[in-house]
Amino acid sequence: MIKESIMEKTGLPAGWEMKTLGDVSDFQRGLTYSGKDAVDFSENIVLRATNIDLDKNCLDFSELKYLNNGFQVKQNKKIVKGGLLICLSSGSKKHLGKVALVTDNYNYAFGGFIGQIIPDNQVVSKYLFYNLISVSYNKYISRLTDGIGINNLKSIDLKSFEFPLPPLTQQKQIVGILDKAFAAIDTTKANAGQNLQNAKELFESYFQNIFENKGDDWKLVPFGQVCEISGGSQPPKDNFIYEPREGYVRLVQVRDYRTDKYITYIPINKAKKFCKADDIMIGRYGPPIFGIFSGIEGAYNVALIKAIPNESIINKEYIRWFLKTPNIVKFVEKTSKRAAGQDGVRKERLYEYNIPVPAFPEQKKIVETLDKLSLETKKLESIYTQKIADLEEMKKSVLQKAFSGQLNTIN
């Protein structure tokens, strides 16, 4: 059984005490039911772990589970206003211990993978809730699991979580201050998120229109006349190694453009198709299909194809940008569908797709404009992403001050 104190007991403000969750609340486990009890719709609603929003720590009713109306639910298996629902079992460590405050009188049951904490008269529910989204609580929960496989939270460990408890009057004052601070932070965060979305949409709108508003001197040329497609090859897995070695080359796979966790190498004499870092690489299969990649050098496998432009006709970077436009992506998605087997880019159909081709100077100008706008958009994205992260850190800081008695309250 783990105990975690977020401050030295001797450092508590006057009138404050350290209490465990078990000292100030009752704990209830959720309802057990089977698949045969479930129906498409009824008045008998049961909440599950998925109904706890991980980001907002609130209840999410977008996907509900229904039990047949004849299924009997005891009162202690129903959520109550002021209670806190908590995820007790999950295949993902980030879900475990996540809580949501019940803010209204819902006649809903709660399922076996979640529990309900019912605060007693020593503690204000929202004050307890704020403690259960604090850094101290999250650290405590993270130590209760190894993060491997299904993680389960034992009630005895949950009840042992320690937190500082001031008198009720101060609890209410702290909740009022936190409510106001969090509302202001959330408003600023929402504005930053909207500004980021606006910047992305502005770029996407310009990006799409630049190829659709063709000039009179632009030509429509079939893809196959300006660009060749070269498929990859797949060596046997018994040739794979996972550390660099002389005589070996990196095997480039779609996942490598997202993470470096699975870097693979093969004997160079087994490699057939090679790519350079600046080549235009395309994801052949889905989902999602037709991702456009670059930045890695090596031998590429069958899940990738390489677009090789005829640079006497078309600018390489112009075709790279064009391959990201929504219309060609929709065309590829539509023509890749197969009645059986895996969906994949069909080279013969892609070769038929008409590409708008302006004169070389205009191609270059379009590339320079898109490169510049893309860079500016990424800068804005970095600024707003950091601002949102800073606001989340501010929440943590405010909570820490609240539970160490540093907020201005009246005794």
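Student: In which loop is Phe-290 found?

Tutor: In this predicted model, Phe-290 is found in the loop between β20 and β21.

Student: What makes the phi of Phe-290 worth a remark?

Tutor: Most residues other than glycine have a negative phi. Phe-290 is not a glycine, yet its phi is positive, near 70 degrees.

Student: Why is Phe-290 called buried?

Tutor: Its relative accessible area is 4%. Buried means under 20%, so Phe-290 counts as buried.

Student: How do you know that β20 and β21 pair?

Tutor: Pairing requires at least two bridges between the strands. Strand β20, residues 280–283, and β21 have two bridges, in the antiparallel sense, so they count as paired. Met-281 has Phe-293 in β21 as its bridge partner.

Student: Which sheet holds these strands, and what is its order?

Tutor: An open sheet of four strands holds them, ordered β16-β23-β20-β21 with antiparallel pairing.

Student: Why are β16 and β21 called edge strands?

Tutor: Each has a single partner strand, so one side of β16 (227–231) and one side of β21 (292–293) are left without a neighbour in the sheet.

Student: Is Cys-227 buried or exposed?

Tutor: Cys-227 has 2% relative accessibility, so it counts as buried.

Student: How many disulfides does the structure hold?

Tutor: The structure holds zero disulfides. Cys-58 is in none either, with the nearest cysteine sulfur, that of Cys-87, 15 Å away.

Student: Why is Cys-58 called partly exposed?

Tutor: Its relative accessibility is 28%. Partly exposed lies between the 20% limit for buried and the 50% limit for exposed, so Cys-58 counts as partly exposed.

Student: Where is Asn-57 found, and what is its phi?

Tutor: Asn-57 is found in the loop between β5 (52–53) and β6. Its phi is positive, about 50 degrees, although Asn-57 is not a glycine.

Student: Why does Asn-57 count as buried?

Tutor: Asn-57 has 14% relative accessibility. The limit for buried is under 20%, so Asn-57 counts as buried.

Student: How much space lies in the largest pocket, and which residues are closest to its centre?

Tutor: The largest pocket has about 1,100 Å³ of space. It is lined by 37 residues, and Leu-54, Asp-55, Lys-56, Asn-57 and Ile-133 are the closest to its centre. Elements giving two or more residues to this lining include β6 (58–59), α2 (125–131) and α5 (168–212). The most comes from α3, with five residues.

Student: What is the make-up of that lining by residue class?

Tutor: The lining of the largest pocket has 18 nonpolar, seven polar and twelve charged residues.

Student: How much space lies in the second largest pocket, and which residues are closest to its centre?

Tutor: The second largest pocket has about 380 Å³ of space. Its lining has 14 residues, with Phe-203, Trp-321, Lys-324, Ser-374 and Lys-378 closest to the centre. Two or more residues come from each of α5, α7 (316–322) and α10. The most comes from α10, with six residues. The classes are four nonpolar, two polar and eight charged.

Notes
Residues numbered from 1 in each chain as written. Predicted model: local features only at pLDDT ≥ 70, side-chain atom pairs only at ≥ 80, totals over all residues. Heavy atoms only, no water. 1 Å grid on protein atoms, 1.4 Å probe; cavity = no way out; pocket = protein on both sides within 12 Å on 5 of 7 lines; lining within 4 Å. Points joined across faces, edges and corners; volume = space filled by probe spheres on them. Nonpolar A, V, L, I, M, F, W, Y, C, P; charged D, E, K, R; others polar. Disulfide = S-S within 2.5 Å. Buried < 20%, exposed > 50% of the residue type's maximum accessible area, 1.4 Å probe, protein only.
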